[in-house]
Structure formats: structure tokens, C-alpha cells
Amino acid sequence: MSQKYKFLYFPMKAVGEPIRLLFHYANVEFEDIRVSNEEWAKMKSEMPWNLLPVLVVDGKHQLSQCLTIFRYLAREFGLVGADEFETAKCNEYIDAMDEVRLDVLQMFRESDPAKKAAIKKNVVENTFPKAWPKFNGILKRNGTGFLVGEGVTCADIYVAYMVDLLTGFVEFSTMSDYPELDDHRKKILNLPGIKEWIATRPYTAF
Amino acid sequence: MSTYKLTYFDMRGRAECSRLLFTYAGVGFEDVRLTGDQWGALKPSTPWGQVPILEVDGEVLAQSNTIARFLGRKFQLCGESDWEAAKCDEYVDATNDLFEQWAKFVFFEQDPVKKAALRETFVTTLAPKCLEVLEAIKQKNGGDFLVGKVLTWADINIADKLQILEDTVKADILRDYPGLAKFKAVVFAVPKLKEYIEKTAYSYKAMMPEAERHIDYSE
């Protein structure tokens, strides 16, 4: 029996892992296809935007763009809040976190060691200290332990995953300054489905 | 009926798509355009230190893409299924990537030599890669629009972006993409949008260097 969902990405976490986390949290089966460099060279021109990830549904419908796939599945799995405004708040927090991710990404795009170090310094001294209090404040004001509404949404999964991933890249040791955000990260990454997946998934550096 | 207040600078930029959506849907909104001083005063109270923000019955929503996507849903401009809504998102996301590159040479790079080099790469490689895919999507979808059979927020978002390219990068940038040129013309001929364009002298030309305004078809 072939899977309804096929998810194609490289053998890494990066921007594909949030989508995998959705499947595991929602307990929805999917084919987790990890594309090697050789395979990618052959299939690249067939992909709509010559990019991964791609989601294939029922063997024929293709969807591209990591956040589009993430939002689509979040809606399918009922993880977008209680109404359209809550969905929009989820999207807002995902967009804002993605800006943080792009700042950190510059570190990996820069090959000159001195410039790389300068970017890293900016991330530690500016990007994180500006962003984390905002997310921390949202959690405090919402007061439910979640970012939006009363329960888990896709925003919780995206934000917790990225806080964990991005602070790991720069050995950022002062998350204790943002206690609500730090607790949120631990809680979300320990949710059933997600916890087991994290414990058993193939190790990748990124 | 919700009340809407959209706050941004006095320019098109990241708010124009949302203004077009309100206009097309015929929904009233307060179109707040900040002066520099007003922005300085407001900034600390905005969620992310940025505009645009949208207030919906007093509740604040931030992030320009989120706002446009929300209005697309509210005004039923997301196609006719969740899958079509996702295709809207996909095309908007993909073209957003192109505009990150556009912003680099239009706004961020100050050195004239580097600016010219980035612009060259944009015109010869980055834009064609994106426009080719969009052209193919338009042709494959058939009809006038990018997704399904009805106008979506993605059509308005992307028509606006194509206008930015024509006005600020190269006036004949759509010369090799007849499907997209026609698509943009159809979107902007929709009565409410046509009226808005004429009334507001809709154009991004003020950002474009004088030299590029002349289209040379001599080859």
C-alpha cells in the first residue's frame, strides 16, 4: 500500500524537520524520503522550483516551499488554532521566527572566518537578545503555556524547534534569562510523538 | 463586520498587497501612513519593531505576509479548496524569495560596483529562473489566473510584484513571458483595481534609475 504522503528532503533537519515533527505529533504516517546529492542531481530539474522540500500527496499532487508545506499540513492536522485570527497569529510567530533563522543562516553562507565570526557575534549580541524576550513575552501574556490559544499549534512546534536548533548552533548559554521560552521549548520537544521521534531519528549535524 | 486599521509608511512597499486586497474586496479600512516622527513614537509598541501591522477589532496582527494571507482568507480569495489555498501560499513564498534578492541590490547594497553586479545577476539569472516557472504555471493552469479558476490573493500579490520588477528593474522584463504580461494586465483591469490604479497613479517608478526607463527594442 503506498502512502498518502511522501515527503522529500535532504538527509538533514534544517527547514524540513518541522514538517517531519508535524507528522509525528499528529501520528500520521508518511514516507520520509531523504534525497542524496547524487539523486538530487538527477531529480532537481523535475522539481517545481528546483528546490526541496517537496510534499507529494496521493502520488501525484506536488507542493513546494517549506513553510507552505508546513502550513498546509498544520491545517490538515488541526494545529492552526481555533479561528482564522488564531491561525494568523500562528503565521505571524512563524514568520518572525523565520527572520531569526535567516540571520543565523548568514553564518553558514559566509566562508571568510573573520566575517563568519562577526555574524555569529551579531547573532549572539543582537538577534537573539531582541527576539527571545518577544517570544517569552507572548508566552507570558497568553498564560496558557502555549503561544496561541489554549493548546498546541504549529507555531509552538516551529518556535520550540527553531529555538533549540538555532541556539545550539551558537552555543547560546543564557536561555535561562527567558524562562517561559526555555520551559516551552522543553515541553514541546517532549510531546508524545515528537519525543519518541527525536530519540530515534537518524543523527544529522544540521 | 470587523474594523480594520492598516499602519505602514507612506509608501507602497510591504503594505501595498494588503491595500489592494481591501480595495478588491470592497472592504473599508483605515489606511494609516506614518511620518518618520510618528514611526519613532510607535515602534516600541509594535510586536516586532516593524510595520506593517493590521489591527482587527483592536487586536494586532504583524508580519506583511501573514497580514496578506489572513486578508486572503477573510475575503475568500484563497481558491476553492485547502489545496488551492496551499498553491497560493507556494507561489507567494517562491516569489518572496526572489524579492529578498531584489531588496539586496535595490536597497541594501550601497557600493555602486557591487550594486551593479548584483543587479546583473538578478536580471540575467535569478529573475528568469523564477519567471520561467511562473510562466509555465500560468500556461498549465489555463485561463486568466495562477491558481484554479478564480482570482486569488496570490494573483494580486504576484501581479503587484511583477509591476515592481517592471518599474524598478527593467521596463521590458516580461518581454519573454507573454503569459505573465497578459496575466498582470488582466488582474489590473479588474474594475476595482483599475480604478485604484488610475486614482493613485499606481507605480513603483520613483525607485527606478532614470537611465533604465527607456526601453530599447533595437536588437
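In this predicted model, the side chains of A:D95 and A:R71 meet in a salt bridge, with N to O at 2.9 Å. The two residues come from distant parts of the chain: A:D95 sits in helix α4 of chain A and A:R71 in helix α3 of chain A, 24 residues apart. Both A:D95 and A:R71 are buried.

Over all chains, the count comes to 25 salt bridges.

| Pair | N to O distance | Location |
|---|---|---|
| A:D95 and A:R71 | 2.9 Å | α4 and α3 of chain A |
| A:K186 and A:D182 | 3.4 Å | α7 (residues 179–189) of chain A |
| B:E166 and B:K184 | 3.2 Å | α6 and α7 (residues 178–189) of chain B |

A:K186 and A:D182 are 4 residues apart in their helix, so about one helical turn separates them. A:K186 is partly exposed, at 41% relative accessibility. A:D182 is buried, with a relative accessible area of 11%.

B:K184 counts as buried, at 9% relative accessibility.

Chain B also holds a network of salt bridges. It links B:D10, B:R12, B:E16, B:R19, B:D31 and B:R33.

Just after α1(B), B:G26 takes a positive phi of about 70 degrees.

UniProt, in an unreviewed entry, lists residues 2–79 of chain B as "domain: GST N-terminal". That span is 36% helix and 24% strand, and its end C-alpha atoms lie 22 Å apart.

Now the interface. 27 residues of chain A are in contact with 29 residues of chain B. The two chains bury about 2,500 Å² between them, 62% of it on carbon and sulfur atoms. A:W49, A:F85 and A:E92 supply 27% of the area that chain A buries against chain B, more than any other three residues. Between the chains there are 0 salt bridges, but 13 residue pairs are in polar contact. On chain A, α4 gives the most to the side that touches chain B, with 10 residues. That side divides into 12 nonpolar, 6 polar and 9 charged residues.

Key
Residues numbered from 1 in each chain as written. Chains lettered and ligands numbered in written order. Predicted model: local features only at pLDDT ≥ 70, side-chain atom pairs only at ≥ 80, totals over all residues. Heavy atoms only, no water. Contact = heavy atoms within 4.5 Å. Buried area = accessible area lost by both parts, 1.4 Å probe. Salt bridge = Lys/Arg side-chain N within 4 Å of Asp/Glu carboxyl O. Polar contact = N/O pair within 3.5 Å; in protein donor to acceptor, adjacent residues only side chain to side chain. Nonpolar A, V, L, I, M, F, W, Y, C, P; charged D, E, K, R; others polar. UniProt positions renumbered as here; feature names shortened; annotations may be inferred. Buried < 20%, exposed > 50% of the residue type's maximum accessible area, 1.4 Å probe, protein only.
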